[in-house]
Amino acid sequence: MKLESEKDLLDDINSGSRAAMHRLYERYVGYAMAVALRYIPMRDDAEDVVQDSFIKVFSGISKFEYRGEGALQAWLLRIVTNEAVNFVRQQKRFTIVDEVPDDIEDEESEVERVPPAELTRMIGELPDGY
């Protein structure tokens, strides 16, 4: 089965097709969730950000200027990224560090032995500012 072009999908959405909106959601929700989870470790919060992002996408899609295949996905993922960063800022869990250590140890750390899912859970439980 051939994947529908973004242009065709966009045209259907702009003509008022709810089915096309659903197809857009199904096509990109996985990508959107992956982007959100890079910024937000707690899955429930990331799902909320993705939902808010799709609301913004559907609210502003009539103003979107198509520039070729991939442009719609890039625009959507930019919205997800911005929403995720805004969420993190609102939660005050985002810290900018100006100093970087000069030398980095090459030894295998204990952190590398912790399963990624457990590490993500632990990071999500850190107090604000960490």
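Reader: Where is the place of E83?

Author: E83 is in helix 4. Keep in mind as we go that this is a predicted model.

Reader: What makes E83 buried or exposed?

Author: The cut-off for buried is under 20% relative accessible area. E83 has a relative accessible area of 14%, so E83 is buried.

Reader: Which residues is E83 in contact with, leaving aside its neighbours within four places in sequence?

Author: Those are V49, D52, S53 and K56. For a contact, heavy atoms have to be within 4.5 Å. As for Q51, its C-alpha atom is separated from that of E83 by 10.0 Å, with the two residues 32 apart along the chain.

Reader: S53 turned up in that list. Where is S53, and is S53 buried or exposed?

Author: S53 sits in helix 3. Its relative accessible area is 0%, and the limit for buried is under 20%, so S53 is called buried. Setting aside neighbours within four places in sequence, S53 touches I79, V80 and E83.

Reader: Which residues meet where helix 3 and helix 4 pack?

Author: From helix 3 you have D45, V49, D52, S53, F54, K56, V57 and G60. They meet W75, L76, I79, V80, E83, A84 and F87 of helix 4. Sorted by class, this contact has nine nonpolar, two polar and four charged residues.

Reader: Now helix 1. How do you know that its buried residues line one face?

Author: The buried residues of helix 1, which covers residues 6–14, are E6, L9, L10 and I13. Looking down the axis of helix 1, you find those buried residues within an arc of 100 degrees, so they line one face of the helix. There's a general point behind that: an α-helix has 3.6 residues a turn, so residues three or four places apart point the same way. The cover over the buried residues of helix 1 includes helix 2 and helix 4.

Reader: What makes helix 1 oblique to helix 2?

Author: Their packing angle is about 140 degrees, with the axes 8 Å apart. Since roughly antiparallel starts only over 145, helix 1 counts as oblique to helix 2. At this contact E6, L9, D12 and I13 of helix 1 meet A20, M21, R23, L24, R27 and Y28 of helix 2. The classes there are six nonpolar, no polar and four charged residues.

Reader: What follows helix 1?

Author: G16 does, and its phi is positive, near 100 degrees.

Notes:
Residues are numbered from 1 along each chain as its sequence is written. This is a predicted model: local features need pLDDT of at least 70, side-chain atom pairs count only at pLDDT 80 or more; totals for chains, interfaces and linings use all residues. Side-chain values use heavy atoms; hydrogens and water are left out. Helices (H or I, at least four residues) and strands (E, at least two) are DSSP runs, numbered from the N terminus. Ala, Val, Leu, Ile, Met, Phe, Trp, Tyr, Cys and Pro count as nonpolar, Asp, Glu, Lys and Arg as charged, and the others, Gly among them, as polar. Buried means under 20% relative accessible area, exposed over 50%, partly exposed in between (1.4 Å probe, protein chains only). The arc is that of the directions from the helix axis to the C-beta atoms. Axes are lines fitted to C-alpha atoms, for helices over the stretch in contact, and angles run from 0 to 180 degrees between N-to-C directions. Angles under 35 degrees count as roughly parallel, over 145 as roughly antiparallel, 65 to 115 as roughly perpendicular and the rest as oblique.
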